[in-house]
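Here is a friendly walk through one protein chain, with an eye on its side chains. Have a look at the sequence and the structure first, and then read on.

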Amino acid sequence: MPYVSGNRMGPYNVSGSDGNLNPVSLVFEYSLNAGHWVGAQVPVSSGSDVDLSNARAITIRIRAGTGPLPMSGSVNVYLQTGSISEDLDGSGVLKAKMSTSDIGFPFVQVNPAVTLEVGAGPQLKGDGKLDSEDRNANGILDLEDPNRVVTEAAITSASLTSSWQNFTFALGDVDRQKLLQARGVRIIIMESSGSSAAGEILVDSVTIEGTPFWPQVTSPDMKSQVQIQEVTENLAQSQPAGGDFASRFPDTYKRFHPNGELNQVLETVWNGMVNPFTVQGFIPQGTSDEPLGTGGIQYETVVSYIRADTAGMTYTFSLLDSTSHGIVWSVANADISGNGWHEVKVSKKNNTVSIDGNNVGPPTQFDSSYGSLTQLQVTVSGTGLGGTGHVYIDEIYLTDPESVFGAALVGSVSGTFPGTILSAGKTPILSNVAFREDVALYSAGFAPLYGVPYAAEDLSSRSHVDSDLLIARTSLDLTLRDQGGSLSASGGHRVTVPNVSSPIVVTDAFSLSTTGGFTREDAVLLSAGSVGSLSVDASANASADETDTSGLLTQTWLTGLTLTPFPPFGISSTLSLSQALTGYPLAQEWYGARWATETGLLLPWQGGGDVTRAENLGFKAGIPAAPLGVTLEAATAASGSNYSSSGYSQESDLSTALSFLYKLGRGDSSDSVGLSYRRAITLTTTPSPGPRFQQETSELARIMSLQGYFLEGIPLVEIFSDNTGTVFPAWQSATQGTYSPSINLSFQRSYGSRLTDLFIPSGFNLAVGQDLKKTVDLTQTVIYVRPRISTRAVNLFGKLGSNPLLPLVLTDDYSLSLDASVDTTTPPVYPQYGSGPILSHFSVQAQASLTGENSNELTLVEALRWDQVGSIVLSNDTQAILDWRVEPVAGIPLPILPRDIGATGFFQHRESAEVTVGYQDSGAFHPFTLLLGHATSLVYPGHGSIKATLNLGMDVEDELAVGLAWRFAFRVALEAKLTF
């Protein structure tokens, strides 16, 4: 397409090559004068900057074109990554599409004067996307930071052929530091010989490889001669013989990539090494639990996969814990020659190392006991170090876990002692005592459900006591825990004064954790009977970070006021403030001193680093319905986040609602009609930093003072009007905003045992509103109508019902609800559906509960749901649950239970079935799911139960081009809870 005004920007797309990571490749057609260049850039991740400081290499897959434009002259291809400028044409103005139906947004070149369309699609009709220069979606046009851009060495046009080639650039420590906030990748083609150049270059993919591995060498200057990275195998510098990993070992591939994800391998390349070197990294194997040392699973086999292309080499693997216990084995290149994939198994039971099933000798080390196996080392040695060599490793995992046995004992005892226990004359000193003691003992080898076995005995005790002490109500907690000989303690208290009804009530609570963290709360309640009340509450908590001497502090203050000056007219108001700060020091003091130290947190802490801050003010005034009620509500809030030296992000909110409720019945009748009108604003701004809380309040007042339309709009009319011209001028300093006026009509009536109750709605709600949204320069208006209808009837057809037609049923309960949402969106979010009106949501749910003799109950649920947003999703769910019980005359005696308890026992059974069918017009979905279940419980009222459960399941997933995936599962469980 010619480079003239009105056309779209290049490069353009063609079908991708074999082995491409994406379905298309980019084609650069260029014609350059001396020293000129062309380029293109793509985001690393749309919607955010990305931390690539752990990346190890960048690979570009590229070739010369074979089209009608032959290559002439010389060019260099450069790859730049990092904080790339979002300003595509250097205009300094953020440009974006206003809607998905726009053809594109302009790219303006000054010399020569050309204006092109960005995002116009191949036919200059648009691409159906909200394209924008703001690719990280932070609301501003980010310019380039040259100190955070990595430019790779040039790829010369002379080195390009018509076949695909991979060029890999290793990233050093300095490079990785520049990629802390990577925004995009830029590809530049520059004329390099001082004359004109023309041609065609295709780029298939740009991949950024990261790995938790690094080389250990004997001499620092040799480190650059070892390259380690994780790559998809089709991009490996040395391609495998005999097929890739997925084709050689399909069962292992499917185990670790059940959804067909691309397989990555660990690639190690060396060149001209003198001494052996080690590949080192961390790959946790799940052999221990956290905290460290609480348990571990011991395995008898380790499996790995390897291929290499250099003769005379030996690879020594070490998979160790922090104390160097674990597994060590070696693989010689003579046993894995040919650069094909081989399976290596190391067996503790057989004391063998086998390659593709052939024993090649014993392991160097396979300890009988080890901790968390997280450290992997592969030492590369041999006669082939001096040349260039490659070794590839994949899927190291442990299997064949050793069997262990463990037991657990959990018990509790509780008691109450009402009345006075200790007194001085007629003055009670100690009274109304209640206590509870919980003890748990887990032996070494015991494993909780889905957990790992305990490595050592774990004994814990929790003591809790409530009592009245003089005029105070007190609660005390103490927890002691011994883990393998290491004792820790935590506890707390709560004191409320007085312990009887009073105009003034004061509460103090404090607790310490084993790691040094704490929680505290102080509250005062002032009450003037029916006239009003005032409450003030201050709370704080902190949890230790990795240093154990400091942590994250959260403080909250809450005030509530309720007044009834002229009954029945009432007023209530709430005010809350909160902040989260880093770096709060955790004093290492005894309990009493620590309580006194943290008392200072009744006031805001002035130190640390800002994380979040919030303030909320609410007001409500009105008269309860008798029969007509009126309520006026208002709320405003400000919350800050992402604090830095240059500013922060603040969300400011304001809402009001006027509601009327008219009661249609007398007394406690629920029959009523309601009407309410609500307006709400949410705006996001990026103000400068300032004093804590004061700055947030000032910004809230500033931005809301500009929103005059909030009080001037005509109710109901504004819902169906275009408000952009009225609202958006007041949002110039906001990066995001939403204005939502809405009206809600409701009706409620009492239901009963009449047949008509099945068909006449017992509840009706209709919400009509508008959501006007802005994100940077993109706008959207949604007008919606959302009805909800529900019916309910009870006691219709059972023996106790108005129409006793079901002899096995005593009582019955039926309900039906319908929900829908009809939306009109301008511009349309999904052009394939148009602006609307669209039935974006519709659901129907019906439920019937039938109760018979002996509390047997059958519950039937039918739910149909339709959603049309990005795609059409339809699902139907049918459930049936039967609860039934058997009560033997003599109960269910067990040897371990006293006779009187056994005599109260009975069987409680539950049968369940659930069938779900579904459909989706795009993307994978689950057309059929079946779940069956049975549970039987031996119940001893007041003393617990013993329960056995069996569940069976089947699921079908339509993976589109891949086909159908069938899954079958079962679950068996046994649970006992007994109290004596």
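## Nonpolar cores

A nonpolar core is a set of buried Ala, Val, Leu, Ile, Met, Phe, Trp, Tyr and Cys residues joined through side-chain atoms within 4.5 Å. Keep in mind that this is a predicted model. The largest such core here has 38 residues, and the ones with the most contacts inside it are Trp 270, Tyr 315, Phe 317 and Trp 329. Apart from it lies another core of 27 residues, among them Tyr 30, Ile 60, Val 185 and Ala 197.

Which residues does Trp 329 touch, leaving aside those up to four places away in sequence? Among them are Tyr 315 and Phe 317, along with Val 302, Leu 319, Val 344, Val 346 and Val 353. The contacts of Trp 329 also include Ser 304, Thr 316, Pro 363 and Thr 364.

## Aromatic rings

Across the whole structure, a search turns up 19 aromatic pairs. One aromatic cluster is made up of Phe 510, Phe 518, Tyr 584, Tyr 591 and Trp 605.

Rings meet charges here, too. Arg 786 is placed over the face of Tyr 784, 3.7 Å from the ring centre. For Arg 885, the charged end sits over the ring of Phe 906, at 3.9 Å from its centre.

That arginine has a charged partner as well: Arg 885 and Glu 887 form a salt bridge, with their closest N and O atoms 3.0 Å apart. Are these two residues buried or partly exposed? Arg 885 is buried because its relative accessible area is 19%, under the 20% limit. Glu 887, at 42%, counts as partly exposed.

Side chains of opposite charge can pair when their charged atoms come close. In this model the count comes to 27 salt bridges. One of them joins Arg 613 and Glu 696, with 3.0 Å from N to O. Arg 613 belongs to strand S36 (residues 609-623) and Glu 696 to helix H5, so this pair ties together parts that are 83 residues apart in sequence. Both ends are buried: Arg 613 has a relative accessible area of 3%, and Glu 696 one of 2%. The pair is also part of a network of salt bridges that links Asp 610, Arg 613, Arg 692 and Glu 696.

Glu 699 is buried at 7% relative accessibility, whereas Arg 702 is partly exposed at 33%.

Where does Gly 690 lie? Its place is in the loop between strand S39 (672-685) and helix H5 (694-705). With a relative accessibility of 36%, Gly 690 counts as partly exposed. Gly 647 is 43 residues away from Gly 690 in sequence, and their C-alpha atoms are 8.5 Å apart in space.

## Confidence

The protein chain has an average pLDDT of 86, and 92% of the residues score at least 70. Residues 289-295 call for some care: pLDDT stays under 50 there, and the model has 14 contacts for this stretch beyond four places in sequence. Where pLDDT is low, the predicted coordinates should not be read in detail.

Notes: Residues numbered from 1 in each chain as written. Predicted model: local features only at pLDDT ≥ 70, side-chain atom pairs only at ≥ 80, totals over all residues. Heavy atoms only, no water. Buried < 20%, exposed > 50% of the residue type's maximum accessible area, 1.4 Å probe, protein only. Contact = heavy atoms within 4.5 Å. Phe/Tyr/Trp six-rings, centres within 6.5 Å; stacked < 30°, edge-to-face > 60°. Lys NZ or Arg CZ within 6 Å of the ring centre and 35° of its normal. pLDDT = per-residue confidence, 0-100. Helix = DSSP H or I, 4+ residues; strand = E, 2+ residues; numbered from the N terminus. Salt bridge = Lys/Arg side-chain N within 4 Å of Asp/Glu carboxyl O.
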